[in-house]
Every structure is written in structure tokens, then in C-alpha cells.
Number of protein chains: 2
Amino acid sequence: MELNFHLKGIFNASGNAEKAIDDIARFIEDANQGLLVRGAPEDRGAKVVDWHVSNDDISLEIRSDRYVRAHDAFIRLYNPLREILGKSYHIGLRGMQAKDYEIEVDIEGADVKKIKDLLSDVPEVKKIEIGEGLKIIFNELSEGDLRSHSVDKIIKLIQGEEKEELVYVVSKVKPGTVLYECKSRKNLSLDQDATELAEELGWVKRFPGKGQWTYLPPYAKLFRTIADVAVEEIPERLGFSEVLFPKLIPLEVMKKMRYLEGLPEGMYYVSPPKRDPKIFERFKRELAIRRDIPIDTLKEGLKDPAYVLAPAQCEPFYQFFSHEMVDMTELPIKVFDRSGFTYRWEGGAAKGLDRVNEFQRLEMVFIGTIEEVKETAQECLNAYMRVLDLMEFNWYVEVGDDPFYLEGLKEEKRDIEYPDIPKYEVRVESKGGSISVGSVNIHGTHFVQGFSIQSPSRTVWTGCVGLGLSRWVAAFLTHHGFNLKDWPPVIKERIKELPKVPKTLEWPKKR
Amino acid sequence: MELNFHLKGIFNASGNAEKAIDDIARFIEDANQGLLVRGAPEDRGAKVVDWHVSNDDISLEIRSDRYVRAHDAFIRLYNPLREILGKSYHIGLRGMQAKDYEIEVDIEGADVKKIKDLLSDVPEVKKIEIGEGLKIIFNELSEGDLRSHSVDKIIKLIQGEEKEELVYVVSKVKPGTVLYECKSRKNLSLDQDATELAEELGWVKRFPGKGQWTYLPPYAKLFRTIADVAVEEIPERLGFSEVLFPKLIPLEVMKKMRYLEGLPEGMYYVSPPKRDPKIFERFKRELAIRRDIPIDTLKEGLKDPAYVLAPAQCEPFYQFFSHEMVDMTELPIKVFDRSGFTYRWEGGAAKGLDRVNEFQRLEMVFIGTIEEVKETAQECLNAYMRVLDLMEFNWYVEVGDDPFYLEGLKEEKRDIEYPDIPKYEVRVESKGGSISVGSVNIHGTHFVQGFSIQSPSRTVWTGCVGLGLSRWVAAFLTHHGFNLKDWPPVIKERIKELPKVPKTLEWPKKR
């Protein structure tokens, strides 16, 4: 993608700079030969094509190619010029603005409509013209705009449109390839959806929130037992230590996860209340008087959304190491969490017991050298497959096409190392297909970089393993039904008797 | 509080009603003797003092006292009059409005300023005049306003100002009275705050969210062990069954809890995203370009707050029975939940390990006849005290002054039964005082009524027991310190060795 830049800008001097014209002329001549072409190939780079001084305004017109972008050239000139004016004339520089700035983009092969859409509500962009190329015309840019790299990010955005989904770039083995599978296939016990039967039997009851259930004693017993087996067989056997991770995650942490830019539409957002007793007094009064909840008053009483409900469960692990210098002798560090629900907003896709918005998961997460992380991931995968066999599931492991940490992200030039296979996805048979029940993920330096995790010598990687307990229970019921006597020994031995369902005169409903 | 009502209103007829004047006159004369004084003492009640018919408007002026409020009288007239007009004249009634409505309140002893403040932003109220009494002048009220009892609720609000905190009305034993205490007092092991030491030793690390921590392996091990002991000794021993309760609670459920009117300023509120890909595309672009999270765009993409993070943990239990007819032969039903974090927004009060916004709790909840609930509560309390002794805590149990379900509520006339002691609060010694570590609550019919739980014969009550595990761990460390060898046998026997702290080169910081 070829780019041409054309900038007209002003440096604001603290006094009349006309007396310095000769020195400025010499400075610009030198800069055109040196400062503004530094790092660019022969005959490329940026150039001041015109300039003049009028009282305290120093106006510059700069043209450039992609090797030294005009706004970078403009910024490059500022400090050295300030030094000259200060030393010889006691004149300071007080700021800069780009009054006019246009970028021409070679659009061969680009989707012009999409780019226009993309930029339609970016406030820095004034308009877009299409001629031989695509011309982006900017509004006046402040020093802050220039220094915060807004322009570069806009260019990156346009370039991003040409790119592939990151996961297809990263994976050396084609997503969907089956790597392992169970030795023999058993018939599924249920020939209907486990959800319906679970409701009929009173193992679960629908909760008013979308994709949420109240899980009743027989379900809870099975859940707890499967969880215990999984904990013993995977993290405890492999030397992971239990931790309790927060489940309410500040947006800034999600930004470092790059999840906020990957899947913002898939999370629940959380606002704390303001410290404003008057609003809440009013809220209480209105609530007392009216039948409906006075939602506008409530909104007045809330701060901006500041958190999400944890979607990935391992967020606090990377945050724990953020800006820390790891101690190589302590590696690998391996922990697991089973301390509560995590959440995804599934929108219309929530259904049944296996696609829920609120779910339990056993999460393992680790950090170490590249070798340690690869080895730990493989150990986890092996132990995982052993537990799948203990549960007598029909299972297979494939190369995942949606590692959670790459979801929604596009290919980019950041210097991140990815493993050959970022995600091993574990799937089990379900009525007429299969469902994902967990995964083993190797993140390379994705989170190490995002969270600025430092290491004194060798590169460190991270990895995580998720075991979707809510889905395991659903899959278990589909495979083995609701009768304790039909269940595999590893579970049956631990449950002597299933607890009673708390019935009412009208529930559970017979169908 | 004496009240006088004066209403001028109109019934809208579907045609000219002047031909029915004689029948209307007779109807009103009768109503003044019967319909409008029904239920009131001799010479009290409501009276139509003037009326006239003009084309399709039937205007009525009604005065009344508190025995039959004028707006109720107005509504009482509507249906019988409609019948007369329909039968004899084929004229329908199409609606009603109260054009002018004033209520005079005897203000002796009332805090007039407070009442004015209270009503200052109630939209139904036009103005408030103070003369001999307090006069509330309403805006025009629609049929919906009249039928939704807005006026009654406003009166209730004024009356509420004269009332005591509900808990002081309910408790037959003075809150603060100590009912039980430990037999002997041991010295606390720590002479400093457990939080500081826990940070120094790397048992916990501060998380960026207010009042949140990441709990590391030695803490998690102690937590898990205390939880296991408590679960075995209380709910499992007493025949409770485990359930998994949702932790994301719809506002409507909180309203039925009466928690939304009690403590709305103490919760986190949750919004799901809208189904609007365009907004989230824009959000992603802005996030890619800018350094800050584009929070206004995010807010555009969110629905109204629809949930809170569970503050009480037992909410789904009452919801489970809501509008169900309980089966008396199944009672008592006793369940417990330990499936995740619950939340309170402590605002500025969050501090250390014991006053946190995100905490773990073992919650037991039950429903039964009055006797069953009282007995279950006492059994729980006994088992609770046994566990406090096993933990070798310095503890006492007092009559609580803030049962969560009465918090912020005022005395009222609703027909709710409360027990003599609604809350037994369990407190243990802490550095220079005591902290609450849990409670046993009997709710009477508070939730039975709020959630419309039906019973075929005898009255049912509910109760719940909370065991604040996060606070138990903090109290445990204050009592017994950080050395496994100093811990009470019930814990020491289950923990052979404490797991390692995951250290970095710079953390935990030495002080």
C-alpha cells in the first residue's frame, strides 16, 4: 500500500521569530538533507517544501512518503528548532498544530466502501475523497493528536482491512484438524435433549435471567463430583496450586487482554453506584410510589461501566505478573481456579444447559520458558484425555479455530511470538454433533507483551487450560442419562445416593 | 395523622349524557348514603358535594376523610354508573381524570421541610402549600395514575417519615444483646493487621478493582480447608443439600427481595450489550486508534442495567418458590450454596481482607412451617457455634441490628409476620474490637409475601444462614497467625503442607 503525505503546520513561538529567519533557513536546508530522510532509502523520506515566518508563527509545508511520515517529520523538527531559537534568540516554542493534512492512499485492490465506512465516524477525519487514489483529509490536529499517534493508528486501521483473521495466520496446522480421539465409541444414553429431561426431573429450574439456571441438588451433586475428579486428575496431579481469582475485572485489564477489542459485544458490563445519597433517596421514593423500577433515576445514580464479568477466568493471572520481573528459578508457575461463575453474553444464542451465559469452569494457567509452557500444555492435554476416558465420553481433540485470546483480532506487525498450534479444542459427542467442552491454549508472548511481563533473560510464554464444567455435566447426562446405576465407576463410586429434588405441588411439571 | 381529600374529576361518556341526568342524580344520592361511606365509621367517608353533566362530560366534586379516600370514591362510582348508562341509554364510559386534587395533611409534629424535600421531585405533585395544615396539590391525574395507587403511595411515603427503622419495631429483644459466647478467651496471635502481613508474605495481592484481591496458594489452601470443615459440620451434618445458585440477579428479583428499596446504593449493577454490531465496530475502531477506552461509545452499546451482582446469595431460593404452591409434606426444604463470589459495593469503607467488595460465603437457606424454621435456625446456630469452637475463635452471638432483609426499610402496615429475633449475629474478636463473620436469620413471611409463595394450609416461613468465609480466613489469621504449626488441629490435620507463594524478583515486597 503506497502512501503520500502532505502536511501544512505551524510552530507557535513565544515571540517574533522573524529575526531568526536566516538560522531557520539554514536549519531547514540541513534537515531536508539529514533529519527528515534519516532511516529512509535513497531519495525517499520527508521534505519541507515551503515555509515562512510571520511574527510568532513558523509555518511549514511538508511532503513525504511512507518512509518518514510527514507528521513524524513535523515532530522531528520541533525540538532541534526550539534549541536553536532558545539559545540564540531567547525565543521559546509553545506548541504545534497541523492545520491541513492529507494522506493519499493507493487503493488498488482495496475495498473503498469499507474504508469509507470505517472512517466515517473517526473524529480526526474531515472527509474522504476518491480520485486516482483515496484521499483522507484531516481536521486540524493538535499537538496531542500528533503525539498520540492517532494518524498512525488510522493508517493501521485501513491496512488492517486487508488482513486475515489472526488465528489463520498463526496456526501452522489447519484449524479443524483432528489430533487425538477416543479409542471406541459408545452409544449415547439419551435420544432427546438433556435439558428437557433435566427440567422434567427437577434437576434444574429456569432462572429469570437469560441463559441462567438454578441448579438443584442432584445436578449439584453430579457437578461437584465431576469437578472433584477433574481437579484431582489434572491440576493436583500435575502440581498446580489453587488460587482464588477475582471474577469482576476492570476494563483496563480487559484492554491489556486485548479482549475488549476482540469481543466487546460478548460480555456483561458492570457499574458501581455513585456516592450520591440524594439520587438514591429519590430512587427509593420513586420505587415506593410506582410499580416499575425507575430505571432512569437508577442510571443517574451509577458511574460509568468500569468492569466486566470475567469471561476468560485467567485474567487476574496476567495482571498478577503485570510489570513484574519474573524470577526464572521460580518457573514454571502453575495455578488453578474454581472459585465461581464466569460469564459470556451469548445474546440470542443462549439455549439449554450447554450454551449458557453463566457457567462454571475449572481454569488452569501457567507461565514459564517456551519449553516449560509447551511441556505443561502437553501434560495437561494428556491428563485431560485421561479424564475424558474416565468419564467414558466420545471425544476428540482438534486444532481450535477460535482461541479466546485471538478472537476478533486481525493480523498485525507487533512483535509477538505465537506457537504453532495456539489452541487444542476438546470436543465431545452430543445429539447429532459435538460440543466444545474445553481447550488447552498456548499464548506465546501475547499476554506477556500485553501485560508488560518482564523477564531478565530468556523469553517467557503463558498458557491456560479451561475445563467447562457446566458443559461437562450436560455432556455427561447426554452420554449416561439420569440413573446413577448407569454412570461410569469413577462417578458412581463417589456418589452413594443422589439427593432429593425439592418439589412443590406444581413443580417439576410433568409433560 | 388526619387527612382531608378534595377531588374534582370527570368521567368521559361515549355520547351526550344529559338525557340521563335524572338517573345520575338518583345514583349519586344513593352512593352518598351507601357506596361512598361503606367501611367508614358513622358520619365519615366520602361524599359527592357537587356534580353536573355537560354533553359527554360528567363532572364530579368529591370531599372525603381518610376512611374512604376521594380518589377511591371516584373509582368506586365508575363501574356502577357505567352499568346504568349502558343499560338504559346505550352510553359507555371511556375513562376518567382527576382534574384537581388536593389533600390536606394535619402536620402537628411532622417535619414539614423533610416532607417538602421528599415530594419535591415526585412528578404527580404540582405544589405544596403550608397554612394551617400541609396542602398537597396534584397535577391532573390520569386513570392509570388513579388506579395504580400513586396517591396512596405518596401518602404512605409521608407517613413513613414518622416511623422507626423496621428492625427496632420487629425485634422483641434489644439489638446488641449478647445471647451466647465462647467459654474461654485465648490471646490473639497477631499484634498487627493480618492484611499487611498477608501482603508481605505473598498470600494475597491487591487487584486493581476496589476492595478486591487475588488470593494466592497458601491463602486458598486455608480458605478451602475452612470451607470444607464448615460445610461438613453445618449443612451436611444437618441434612442440607448443595445447589448452585446464579450470582447475577435480575432487578425484578431484587425488587421482590425489597433489597432494591432497602440498599440500592450498596450493589454493583450489570448491563448486557445491545445487539448492535455497528456500535461495537465503531467501539473497536476507536479503541484501536485512541489510548483511552471510548467509554461513551461503550455506553451507547449497552442496554439499561438489568441485573445486580448477588449481594445476599439466597435470592434464587425465594425466586425458585415464587408463585409456587409448596407441598407441606416436602417441608422443611434445606439447601446450601458455595458456588462463587457475592458482592457489595462498600464505597469508601472497603479495606483490608475483612471488608471487601467481592467475597466468598457459605450460604444456607430453608423454608418450612414456623416451627420447622425456628428449629432449623436453632440447629444451625448450635452447629455454627461448634465450628467456631473448632476454629478456636473468641466469639459471641448477639441480637443483630441489621438483618440484611430489613436494612433500610421502615415500619409499615403490611401484614407480615416477623419472628421475635430476626437476626442472630456472629462476631469474633479482631484487633481492638470484633467483626461480624456471619449470621442466622429468620425472615418470617417477609420473602414468602414478597415472592408470593403459596401454601395450601399452614403459614410458611423462611430462614437463612450466612457464613462469611472471606472474613473467617481473616479472623483465623488474626487469631492463629501464619504458621501451620500454630493452627488448631481441625485445620492442621487436613493441611499437611502449605503450598508455595508464586514469587517474582520484586514481589512480595519486603517492608
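Me: How do the axes of helix α8 (residues 217-236) and helix α14 (residues 370-390) of chain A cross, and within what distance do they come?

Reply: They come within 9 Å and cross at roughly 145 degrees. Axes here are lines fitted to C-alpha atoms, for helices over the stretch in contact, with angles from 0 to 180 degrees between N-to-C directions. Helices are DSSP runs (H or I, at least four residues), strands likewise (E, at least two), numbered from the N terminus. This is a predicted model, where local features need pLDDT of at least 70 and side-chain atom pairs pLDDT 80 or more, while totals for chains, interfaces and linings use all residues. Residues are numbered from 1 along each chain as its sequence is written, chains are lettered from A and ligands numbered from 1 in the order written, and side-chain values use heavy atoms, leaving out hydrogens and water.

Me: What makes up the contact of α8(A) with α14(A)?

Reply: Contact means heavy atoms within 4.5 Å. On the α8(A) side that gives Val229(A), Glu233(A) and Ile234(A); α14(A) brings residues including Tyr384(A) and Arg386(A). By class, there are 7 nonpolar, no polar and 2 charged residues. Ala, Val, Leu, Ile, Met, Phe, Trp, Tyr, Cys and Pro count as nonpolar, Asp, Glu, Lys and Arg as charged, and the others, Gly among them, as polar.

Me: Why are α8(B) and α16(B) called roughly perpendicular?

Reply: Their angle is about 110 degrees, with the axes 10 Å apart. Roughly perpendicular covers 65 to 115 degrees (under 35 is roughly parallel, over 145 roughly antiparallel, the rest oblique), so α8(B) and α16(B) get that label. The contact includes Phe223(B) from α8(B) and Trp472(B) from α16(B), and its residues divide into 10 nonpolar, 1 polar and no charged.

Me: How do you know whether Cys314(B) is in a disulfide or in none?

Reply: A disulfide needs a pair of cysteine sulfur atoms within 2.5 Å. For Cys314(B), the nearest cysteine sulfur belongs to Cys464(B), 4.2 Å away, so by that rule Cys314(B) is in no disulfide. Over all chains, the count comes to 0.

Me: Why do Cys314(B) and Cys182(B) count as buried?

Reply: Buried means under 20% relative accessible area (exposed is over 50%, partly exposed in between; 1.4 Å probe, protein chains only). Cys314(B) is at 0% and Cys182(B) at 14%, so both count as buried.

Me: Which residues of α7(A) are buried, and what covers them?

Reply: Ala194(A), Thr195(A), Leu197(A), Ala198(A) and Glu199(A) are buried. The cover includes β8 (204-206), β9 (213-215) and α16 (469-480) of chain A.
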